[in-house]
Structure formats: structure tokens, C-alpha cells
Amino acid sequence: MSNLSHTGHDLAGHPDVSEMRDRYARVLGGRDVALVDAPVFLVGLYCAISPWVVNFLGAQPRLSTHNLIMGIAIAVLGLGFTAMPERMYGLSWAICAMGIWMIISTWVVGSAPSLGVVLNNVIIGALTLLLGLVCAGASMQSGRRTTRRRAARTERPARADRPA
């Protein structure tokens, strides 16, 4: 039987070590704000069900439909942040825009909204905006780190054991 243990083996001499490091950095690089994915999803779900929770389904039918659609969109983006973070964090600014829209949509889409409806949408919008800003900030930080890693990799001095 062959020995499958890898103790005592150093990967520094492996020919694909730089590629493995890059892949590892890519996989973990987008997960800077993994704790924000679930709150974005939950805010989206609450936004979708808020017409039934706050009970403005009959009084504000257009705003109820609006909140359902916006809530589903926010929740889908939250799921996208979880499934494909390196691709989705570019949409963090869209989450911010959705948060701002949720705040002002109460008066644009609704007709003479009550205080409960206004507070509901303003709180949902503020939370969405805040979570979007956190995602956008982390995305910018992650991009800076990736740029620094690439620059450091290209500026590495030649190894002494390799011919120039």
C-alpha cells in the first residue's frame, strides 16, 4: 500500500505554487464581508413581506407590489453575494441605490402613506443603504489588496538559482 500522508513535504518547490496561491487568494479574497450576505438577504425578505406585517396591503396596493418586487430583488442580490462574491460585490452600489429608492418610494409610489408605512420603508431603505455601503467599502478594499498583490508579484526579484 502506498503512503498517502503528506507530512514532511514542502510545497515551496512545487511548479504550480504561484498559481495555487493566486487561486487561494481569489477564493478567499471576495469573502471580506461574509457576515453582510445574510443581513442583505433578510432585509430583502422582510421588505417583500412588509405589506402583510405592517398591514398596508389594502390601503397601499401599488406600494405593496413595489415592496414585494424590491424585496425579492434585494434578497436575490443577497443570495448572489453568497454564491458568487467575487462577481457580485461590484453590484454593491446597486444595493445602495435600492436603499435610497426605498426611502423615497414611499412618497413617489404610495398615496398619502401612514406613519407606519413611512417608518417601515425608511428603516428598510436605511438598512439596505448601510449594508450596501459596507459591501462597497469591502469590495474596494479587496480590489486594492488584489492590486497590491499583483504589483508585488511582478516586482519580485529573480531567484538566485535561476539563470537570468
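Cys135 is buried, at a relative accessible area of 0%; buried here stands for under 20% relative accessible area, exposed for over 50%, and partly exposed for what falls in between, with a 1.4 Å probe and protein chains only. The structure holds zero disulfides, a disulfide being a pair of cysteine sulfur atoms within 2.5 Å. Cys135 is in no disulfide, and the nearest cysteine sulfur, that of Cys96, is 8.1 Å away. In general, a disulfide is a covalent bond between the sulfur atoms of two cysteines. Cys47 also counts as buried, at 0% relative accessibility.

This is a predicted model, in which local features need pLDDT of at least 70 and side-chain atom pairs count only at pLDDT 80 or more, while totals for chains, interfaces and linings use all residues. Residues are numbered from 1 along each chain as its sequence is written, and side-chain values use heavy atoms, leaving out hydrogens and water.

**Confidence and fold**

The predictor's confidence in each residue is given as pLDDT, from 0 to 100. The protein chain averages a pLDDT of 80, and 72% of the residues score at least 70. Confidence is lowest in helix H1 (residues 17–29), with a mean of 68, and highest in H5, at 94.

The protein chain has six helices and zero strands. Helices (H or I, at least four residues) and strands (E, at least two) are DSSP runs, numbered from the N terminus. Along the sequence the pattern reads α-α-α-α-α-α.

Of the 164 residues of the protein chain, 32% count as buried. Among contacts with a separation of 6 or more, 68% join residues 24 or more positions apart; contact means heavy atoms within 4.5 Å. The accessible surface of the protein chain comes to about 10700 Å², and 66% of this area belongs to carbon and sulfur atoms. Accessible areas come from the Shrake-Rupley method with a 1.4 Å probe, and for residues only the protein chains shown count as cover.

Phe81 has its place in helix H3 and is buried, with a relative accessible area of 0%. Its C-alpha atom is separated by 9.1 Å from that of Ser92, 11 residues apart along the chain.

Val76 also lies in helix H3. Together with Tyr46, Ile49, Trp52, Val53, Leu57, Leu68 and Ile72, Val76 makes a nonpolar surface patch of about 720 Å². Patches are made of residues with over 30% relative accessible area and no salt bridge, joining like charges within 9 Å and nonpolar side chains (Val, Leu, Ile, Met, Phe, Trp, Tyr) within 5 Å. A salt bridge is a side-chain nitrogen of Lys or Arg within 4 Å of a carboxyl oxygen of Asp or Glu. H2 and H3 each supply at least two residues of the nonpolar patch, and the largest share, four residues, comes from H2.

Most residues other than glycine have a negative phi. Asn55 has a positive phi although it is not a glycine, and Ala112 likewise has a positive value in a residue other than glycine.
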